[in-house]
Amino acid sequence: MATLRSGLLFALCCGGLPAQAPPAWRSVPVAAVDAVVFALRWAHGFDGDAPDESGAAAAVAEYRLARARRAVPDVLASGATVAADATVVHVLVPATAADRGLAFCRALLDDAQPVDADLAAVAIARTALAADDADGVYPGPVLAGSARRALLTGGGARGVAGSAAAIQALTPARLQQLLAAPVAVHGIVLGACGADGCGAAAALPLPTVVPGAAPPSAVRSAPPAAAAAQPHRLADGPIVALAFAVPGGTAPAAFALAVEVARQRAARALPLQGREGIARAPLVTWSGLHGDPVLVFCRRGPNGTEPAAAFAELDALVADLRARPPTAAELDTARRSLRAELGLSPLPPGTDGAALPGRAVALLLAELRSVDEAALDAVTPAAAQAALAAVVEPRRAFRGALVPARSAASR
């Protein structure tokens, strides 16, 4: 584990590839656990989709997952994660059933077999429904998607889960073509890594062809105009978003720590006032591991339809973050949080198997990025403040608001 800790490269922003390519398979043993997770990462995510097929990466992942679940149904858990530039699918099995995990991986990789039309239809429908939920149902993702479109050009200017209409337009034949497209794959085995798991996984061949890079997202040159408040049927009060584009050159370690500090201050200064959890509208939303190009602050305002009070609170939070450097205690807490979230802290012996999939996904996404643990330790309060202040420039903010639909209609 010490070697893993010192050598791991992970992403906290839109960083580049590590100087040395990771091996096709990695094994990370954890002592005294009763499970093992196998995870595969494809070098294609949401931003690699064609503009008229936004969200296709999620449909492909859902189909692969469904195909593997049908072939190997007796597993503890499985799932898929689609980021901006990568897709990770995992399977968790008992420590005594590593052969099932390997069989699941083989089914995930078996893209040569003809597409099952019924399975494809279900995968497309599920993915389209998720995109529709993100773009039209849950206030937090709705606002985040609006911010992306207002702030960015290129592949990042989309809803957080792609376009429901574009996904629904996919056909089984087109899905077959997308599955057949050459994409490099890397894998990880984490947990009870016996010879029957780790050794056999290393012998499983993985594709090595890397697709052409998708055009990078770019920040629009003109500041976005303030968006008019939109009625929304699930808003139980005004819900507002203050969002900022995160340019690719942003200092990744310093910015990630600054965002963690922002989460701390937001939690202290802005107690939740409504159904923010149901609305999927946390106070601060940004994930470096997922390659998020936009930082979003959300706030549910006082009951009523006027968003001004909620915007005032977010403006005050941003002003405080720009003016006041993190304290040593805030920065220390932020470092601990990031180390735990991104897999830099070794899992203790006897870890519950349910914790393994999240760690495996984080480690695979981490390999794509370019900030190491030493860089986290080197960040000073002034550097963290400067990194965030360069992004949260009030004049370049997107301002969006959702208000209760019935109240808006009665005005």
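This is a predicted model: local features need pLDDT of at least 70, side-chain atom pairs count only at pLDDT 80 or more; totals for chains, interfaces and linings use all residues.

Rolling a probe the size of a water molecule over the atoms shows where empty space is left.

What lines the second largest cavity? The residues are Ala258, Val261, Arg265, Leu321, Arg324, Pro325, Pro326, Ala384, Gln385 and Leu388. Two helices, H9 and H15 (381–391), each put at least two residues into that lining.

## The nonpolar cores

Leu388 turns up again in the largest nonpolar core, where Leu388 is one of the residues with the most contacts, along with Leu190, Phe244, Phe255, Leu295, Phe297 and Val392. That core has 63 residues. Helix H9 (residues 252–269) gives the largest share, ten residues. Apart from this core lies another one, of 26 residues, including Val91, Cys105, Ala107 and Val183. As a general matter, nonpolar side chains tend to be buried together in soluble globular proteins.

Leaving aside neighbours within four places in sequence, which residues is valine 392 in contact with? They are Phe244, Leu295, Phe297, Val318 and Arg322.

## A five-stranded sheet

There is an open sheet of five strands with mixed pairing, in the order S8-S12-S9-S11-S10. Strand S8 (230–232) and strand S10 (284–285) sit at the edges with a single partner strand each, so one side of each has no neighbour in the sheet.

Strand S12 (residues 398–404) runs antiparallel to strand S9 (residues 239–245), and five bridges join the two. Among the bridge pairs, leucine 242 partners arginine 399 of S12, and alanine 241 partners glycine 400 of S12. With S8, S12 pairs in the parallel sense over three bridges; here glutamine 230 has leucine 402 of S12 as its bridge partner. Is S12 enclosed or open to the outside? Six of its seven residues are buried, so S12 is largely enclosed by the rest of the structure.

## A pocket and a covered helix

Several elements each supply at least two lining residues: H2, strand S3 (77–82), helix H4 (117–137), helix H5 (139–151) and strand S11 (294–300).

One of these, helix H2 (residues 56–71), has 16 residues and reaches 23 Å from its first C-alpha to its last, close to the 22 Å expected at 1.5 Å a residue. H2 is mostly covered, with 13 of its 16 residues buried.

## A closer look at alanine 166

To finish, pick out alanine 166, which lies in helix H6 (residues 164–168). Is alanine 166 buried or exposed? Its relative accessible area is 12%, and because buried means under 20%, alanine 166 counts as buried.

Not counting residues up to four places away in sequence, alanine 166 touches Asp52, Glu53 and Ser54. Arginine 100 is another story: 66 residues separate arginine 100 and alanine 166 along the chain, and their C-alpha atoms are 35 Å apart.

Methods: Residues are numbered from 1 along each chain as its sequence is written. Side-chain values use heavy atoms; hydrogens and water are left out. Two strands pair if DSSP finds at least two bridges between them. Helices (H or I, at least four residues) and strands (E, at least two) are DSSP runs, numbered from the N terminus. A nonpolar core is a set of buried Ala, Val, Leu, Ile, Met, Phe, Trp, Tyr and Cys residues joined through side-chain atoms within 4.5 Å. Buried means under 20% relative accessible area, exposed over 50%, partly exposed in between (1.4 Å probe, protein chains only). Contact means heavy atoms within 4.5 Å. The expected span of a helix is 1.5 Å times one less than its number of residues. On a 1 Å grid over the protein atoms alone, a cavity is a set of points where a 1.4 Å probe fits but cannot get out, and a pocket is an open set with protein on both sides within 12 Å along at least five of seven lines; lining residues have an atom within 4 Å of a point.
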